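Trainee: Could you go through this one with me? I'd like to start with the charged pairs and end at the ligand.

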Amino acid sequence: MELLKKRILQDGRCFEGGILKVDSFINHQMDPGLMKAMAVEFVRRFASTPVNKVMTIEASGIAPAIMVGFLLDLPVVFAKKKSPKTMRNALTTTVHSFTKDRDYEICISHDFLTSDDHILFIDDFLAHGNAAFGALELIEQAGATLEGMGFIIEKAFQGGSQRLKQKNVHVESLAVIESLDHCIIRFKE
Ligand code: 5GP
């Protein structure tokens with residue numbers, strides 16, 4: 001998606017260890033116009049996929065997911081990073097965060113993720129795929145069906161996409177970064 005790639009080159013900032021900051025337009029301050037354009041592109045790419053619910057993980061996935069849910073007129077559910085005491089029928093799993101170098105729990109109520117659900121999962125980044133595999137684990141625990149996964153930015157050099165495709169997951173990424181070596185952003189053509 002050219003608009004997104006241009007914006008990443010203009011406003012993205014690269015850090016040691018293969019981390020890209022996009023906090024001025026995606027995951028801290030947000031650009032709603034760009035968010036909408038990205039959601040339109042996700043809807044186009046998953047047009048032939050039968051979906052009845054959009055799922056993400058808090059916090060950065062919520063904005064793009066709700067835009068997609070709005071366009072598709074579907075409910076959006078997000079996995080929480082802390083299990084509230086009041087959550088009924090919680091399904092939980094552990095995810096390793098590579099940016100924070102620690103494990104954390106994600107949970108979702110079985111009330112909102114059921115065996116009737118056909119899920120489109122949306123998130124901001126795909127790196128090693130740990131968050132995505134955590135979401136997949138919750139989907140499997142619920143007996144739901146994963147229909148596809150859409151990411152705003154994929155860092156191909158961290159292998160998450162390959163791992164997901166090995167499990168036959170339909171993955172769509174709006175901007176695929178081949179390398180951040182020497183803090184130079186190189187896109188995959
Ligand atoms: P994964 O689980 O695929 O290794 O990483 C995905 C999660 O880690 C995303 O949900 C995102 O929040 C965070 N993440 C991974 N790489 C980056 C990055 O380069 N920049 C930012 N801002 N977040 C990242």
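**Salt bridges, surface and ligand**

Mentor: Lys167 and Glu140 form a salt bridge through their side chains, 3.9 Å from N to O. The term means a side-chain nitrogen of Lys or Arg within 4 Å of a carboxyl oxygen of Asp or Glu. The pair joins distant parts of the chain: Lys167 is in the loop between helix H5 (160–166) and strand E9 (171–179), Glu140 is in helix H4 (residues 130–142), and they are 27 residues apart. Helices (H or I, at least four residues) and strands (E, at least two) are DSSP runs, numbered from the N terminus.

Trainee: What should I know about the model and the numbering?

Mentor: The model is predicted, so local features need pLDDT of at least 70 and side-chain atom pairs pLDDT 80 or more, while totals for chains, interfaces and linings use all residues. Numbering starts from 1 along each chain as its sequence is written, and side-chain values use heavy atoms, without hydrogens and water.

Trainee: Which residues are linked in a network?

Mentor: Glu41, Arg44, Arg45 and Glu172, through salt bridges.

Trainee: Switching to the ligand. Which residues come nearest?

Mentor: Leu20, Ala127, Gly129, Ala131 and Lys155, of the 16 residues around the ligand. A residue counts as near if one of its heavy atoms lies within 4 Å.

Trainee: What do the ligand's oxygen atoms sit by?

Mentor: One is 2.7 Å from a backbone N or O atom of Gly129. A polar backbone atom of Ala131 is 2.8 Å from a ligand oxygen. For Asp123, a side-chain N or O atom is 3.1 Å from an oxygen of the ligand.

Trainee: How much of the ligand does the protein bury?

Mentor: The protein buries 86% of the 500 Å² that the ligand exposes when taken alone. Accessible areas come from the Shrake-Rupley method with a 1.4 Å probe.

Conventions:
Polar contact = N/O pair within 3.5 Å; in protein donor to acceptor, adjacent residues only side chain to side chain.
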